[in-house]
Amino acid sequence: MTRLGFLINRTLRREAPLAALSVSQKALLGDLAGKSVALVGNARALAEGQAGAAIDAHDVVIRINRAPMPSATSHGTRTDWLALATSLPEAERARIAPSRILWMSHKRKRLDWQTATSPGFYLHPLEDYEGLKLKLGAQPTTGAMLIEMLLRSDLARLDLYGFDFFASLSLSGRRSADKVPHDFAAEAEMVGGFLASDPRIIRN
């Protein structure tokens with residue numbers, strides 16, 4: 001697909017041509033088989049700890065959106081996969097230096113050409129987004145979508161860092177819980193269910 005073709009398909013919301021740029025979800029999750037995964041959220045409380053070395057010790061490190069990393073001590077330095085639901089300025093892309101980008105947002109109009117043609121690009125299916133939205137009764141966060149999806153893989157272990165469901169707010173913004181379109185109580189309940197039923201997931 002040419003860049004012009006991409007822009008036309010994005011503008012007209014033609015899902016099939018955009019999805020053709022993506023690896024399949026089966027292939028994406030297959031890459032996690034038998035691996036330890038660190039999913040790093042953006043809770044402010046993470047900056048107060050010393051989880052950086054533990055995060056970087058995982059086989060795959062996944063970060064979210066602008067992936068704030070105040071220090072290597074608290075957050076580590078590696079980013080293998082970056083899950084996006086927002087645009088990413090070039091300076092931020094260079095700083096984070098992900099090996100693969102996952103576009104999780106249902107808002108395709110924000111998807112840019114550089115991201116869509118990057119190595120290993122993944123486009124999260126709209127039906128998955130809508131299904132989780134129905135289950136939660138609100139727009140799911142990128143973190144919630146990732147947790148639900150990752151646990152459908154054959155990964156060996158999923159460690160959650162920086163997930164307190166907005167109790168300490170977010171390092172990536174100043175909005176309070178009532179200013180974002182998410183139901184953090186519902187997401188906490190969902191993740192609590194996973195923690196109780198799946199021994200592979202650990203919340204740090």
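How many helices and strands are there in the protein? The protein has 10 helices and 7 strands. Helices (H or I, at least four residues) and strands (E, at least two) are DSSP runs, numbered from the N terminus.

The radius of gyration is 16 Å, close to the 17 Å that the globule rule gives for 204 residues, so the protein is as compact as a globular protein of that length. That radius is taken over C-alpha atoms, and the rule is 2.2 Å times the number of residues to the power 0.38.

This is a predicted model: local features need pLDDT of at least 70, side-chain atom pairs count only at pLDDT 80 or more, and totals for chains, interfaces and linings use all residues. Residues are numbered from 1 along each chain as its sequence is written, and side-chain values use heavy atoms, with hydrogens and water left out.

Some values for the protein follow.

| Property | Value |
|---|---|
| Box filled by the C-alpha atoms, along the principal axes | roughly 45 × 35 × 35 Å |
| Buried share of the 204 residues | 48% |

Buried means under 20% relative accessible area, exposed over 50%, and partly exposed in between (1.4 Å probe, protein chains only).

Contact means heavy atoms within 4.5 Å. Among contacts between residues at least 6 apart in sequence, 56% join residues at least 24 apart.

Pro 199 sits in the loop between helix 10 (184-197) and strand 7 (201-203). Pro 199 is exposed, with a relative accessible area of 75%. From Met 1, Pro 199 is 198 residues away in sequence and 42 Å away in space, C-alpha to C-alpha.
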